[in-house]
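Please look over the sequence and the structure shown below, and then follow the paragraphs that come after them.

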Amino acid sequence: VMAWEILTGKKLFVADNEAELVRLVLEAPLHPPSSLRPSVPPEVDAIVMGLLERDPANRIVSSRAVTR
């Protein structure tokens with residue numbers, strides 16, 4: 001989440017209360033950073049989206065995986 005926010009300069013999830021925040025974290029569509037900042041390279045988009053993957057089986061789980 002921090003990588004996405006640093007790249008876009010925006011909050012990924014904005015909610016009025018904790019229940020709404022949890023719903024957004026679990027269900028809100030996730031868009032690559034380049035959707036807000038076209039200068040973000042596709043390779044960086046792929047890394048960030050891999051880090052945000054909701055399915056643990058598909059999520060990037062270590063910095064070693066990112067550097068390969």
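Two salt bridges are counted here, where a salt bridge is a side-chain nitrogen of Lys or Arg within 4 Å of a carboxyl oxygen of Asp or Glu. This is a predicted model, in which local features need pLDDT of at least 70 and side-chain atom pairs count only at pLDDT 80 or more, while totals for chains, interfaces and linings use all residues. Residues are numbered from 1 along each chain as its sequence is written, and side-chain values use heavy atoms, with hydrogens and water left out.

Side chains of opposite charge can pair when their charged atoms come close. Glu20 pairs in this way with Arg23, their closest N and O atoms being 3.0 Å apart, and because these two stand three residues apart in helix α2, about one helical turn separates them. Helices are DSSP runs (H or I, at least four residues) numbered from the N terminus. Arg23 also forms a salt bridge with Glu27, with the closest N and O atoms 3.6 Å apart, and these residues, four apart in helix α2, are likewise separated by about one helical turn. Through shared partners, the salt bridges join Glu20, Arg23 and Glu27 into one network.

As for accessibility, buried means under 20% relative accessible area, exposed over 50% and partly exposed in between (1.4 Å probe, protein chains only). Glu20 is partly exposed at 28%, Arg23 is partly exposed at 36%, and Glu27 is exposed at 54%. Leu26, which lies in helix α2 (residues 18-27), is exposed with a relative accessible area of 58%.
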